[in-house]
Amino acid sequence: METPGANGGQPILLVLRALKLGDLLVAVPALHALRRAYPEHRLLYAAQDWLAEALVLVDGFELLPTHGLDVPIPVRAGRVDVAVNLHGSGPESDRRLAEIRPRTILGHRTADRPGPPWMEDLHERERWARLLRWHGIEADAADYRLRQPAVASPCPGATVLHVGAAYGSRLWPAERFAAVARQLAADGHRVVLTGSAAERPRAVEVARLSGLAESHVLAGALRLTEFVAAVAGARLVVSADTGAAHLASAYSRPSVVLFGPAPVELWGPPPGPHVVLTDGQARRGDIFAASPDPALLAVSVEDVLAAVRGLSLD
């Protein structure tokens, strides 16, 4: 219960967003706004424990390990002063926050609590900034930058091809990644292949198909902080709509982002050196599907290479 650095009677602000890396990164503007608005509070971020190294880059928040909405939030009832629902607007997240009996809950409108109405067609960064503005807190959706990681990049100046994704719906075919890797390497890029430990076999296969040595495969070999540093120091990032793409935005690294089931209008990168490739008309939209979304499969190898050529790279 409430394990991060206990601070006596200091008031607590708790943010519930028990989701993945990309979800954390699109919430950064709201987290920055809350840090400014509650300088005297101890700030807790309730999410999966593996995000701790990334949360450090937001500044000011402690991770409260919380595995989704299937478990209670591990904090003593009545201890939280302000709870902020950045998880969603459904009854499950509201119930979990009600269980800890905070003095105040900031969230979207419910049957018994005021707040802004939920809007479907709103970019995620703007969604949470809008929520806070409704509650009287200044928030800017463009305030999405992260501090620099404390570790050096394991591959400074490399072109990062992030070949993994959490769901099959976002997995661009390995042979297409391999064709891109082969051409970029021929063009003088120092290509590295990233992903999780579970995705290492896929990255090894991409390396084999592209003719790259297995030493180019960093999937499964990096801690989260090292992965962040790799993206922050990259020459270029090519990725599906995953945490890697959101990190490229946070550090203004040139990127080519391949979108499948998620709408670009709601999850796309901010203005900057970022190119989005997809076919919105073909989009099936099933994020949890085992097979790649047709919108993603519509993106060709030549589409990606043309997008890279159109970017101004150092």
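A residue is termed buried when its relative accessible area is under 20%, exposed when it is over 50%, and partly exposed in between, as computed with a 1.4 Å probe on protein chains only. The model shown is predicted: local features require a pLDDT of at least 70 and side-chain atom pairs a pLDDT of 80 or more, whereas totals for chains, interfaces and linings use all residues. Residues are numbered from 1 along each chain as its sequence is written, and side-chain values use heavy atoms, with hydrogens and water left out.

**View A. The open sheet with strand order S3-S2-S1-S4-S5.** Five strands make up this sheet, and their pairing is parallel. Strands S3 and S5 each have a single partner strand and stand at the edges, so one side of each lacks a neighbour in the sheet. From one strand to the next, the twist averages 25°; axes are lines fitted to C-alpha atoms (for helices over the stretch in contact), and angles run from 0 to 180 degrees between N-to-C directions. Strands (E, at least two residues) and helices (H or I, at least four residues) are DSSP runs numbered from the N terminus, and two strands pair if DSSP finds at least two bridges between them. Strand S2 (residues 42-47) is paired with S3 over five bridges in the parallel sense, and Leu-43 has Phe-61 of S3 as its bridge partner.

**View B. Strand S4 and its partners S1 and S5.** Strand S1 (residues 12-16) runs parallel to S4 and is joined to S4 by four bridges; Leu-13 has Val-82 of S4 as its bridge partner. Strand S5 is also parallel to S4, with three bridges between them, and the partner of Ala-83 in S5 is Ile-105. The side chains of Val-82 and Val-84 point one way from S4, those of Ala-83 and Asn-85 point the other way, and all are buried.

**View C. The open sheet with strand order S7-S6-S8-S9-S10.** This sheet has five strands with parallel pairing. Strand S7 (191-194) and strand S10 (274-277) are the edge strands, each pairing on one side only. On average, neighbouring strands here are turned by 15° against each other, direction ignored. Strand S9 (residues 255-258) and S10 run parallel and are joined by four bridges, with Leu-277 of S10 as the bridge partner of Leu-258.

**View D. The salt bridge between Arg-103 and Asp-81.** A salt bridge places a side-chain nitrogen of Lys or Arg within 4 Å of a carboxyl oxygen of Asp or Glu; by this rule the count is 15. In the pair shown, the closest N and O atoms of Arg-103 and Asp-81 are 2.4 Å apart. Arg-103 belongs to the loop between helix H4 (91-99) and strand S5 (104-106), and Asp-81 to the loop between strand S3 (61-65) and strand S4 (82-85), so the pair ties together parts 22 residues apart in sequence. Arg-103 counts as exposed at 63% relative accessibility, whereas Asp-81 counts as buried at 15%.

**View E. The salt bridges Glu-124 to Arg-127 and Arg-200 to Glu-214.** The closest N and O atoms of Glu-124 and Arg-127 are 2.8 Å apart. Both residues are buried, and both lie in helix H5, three residues apart, about one turn of the helix. An α-helix has 3.6 residues a turn, so residues three or four places apart point the same way. In the second pair, the closest N and O atoms of Arg-200 and Glu-214 are 3.4 Å apart. This pair links distant parts of the chain, 14 residues apart: Arg-200 lies in helix H7 (residues 200-210) and Glu-214 in the loop between H7 and H8. Arg-200 is partly exposed at 26% relative accessibility, as is Glu-214 with a relative accessible area of 47%. Salt bridges with shared partners join Arg-17, Asp-23, Glu-124 and Arg-127 into one network.

**View F. Helix H9 and its buried residues.** Helix H9 is mostly covered, eight of its eight residues being buried; among them are His-246, Leu-247 and Ser-249. Ser-252, which follows H9, has a positive phi near 55°.

**View G. The largest pocket and its lining.** This pocket holds about 1200 Å³ of space. It is lined by 48 residues, of which Lys-20, Leu-21, Gly-22, Asp-23 and Arg-170 lie nearest its centre. Helices that each supply at least two lining residues include H1 (21-26), H5 (124-134) and H9 (243-250). A pocket is an open set of points, on a 1 Å grid over the protein atoms alone, where a 1.4 Å probe fits, with protein on both sides within 12 Å along at least five of seven lines; lining residues have an atom within 4 Å of a point. Grid points are joined across faces, edges and corners, and the volume is the space filled by probe spheres set on the points.
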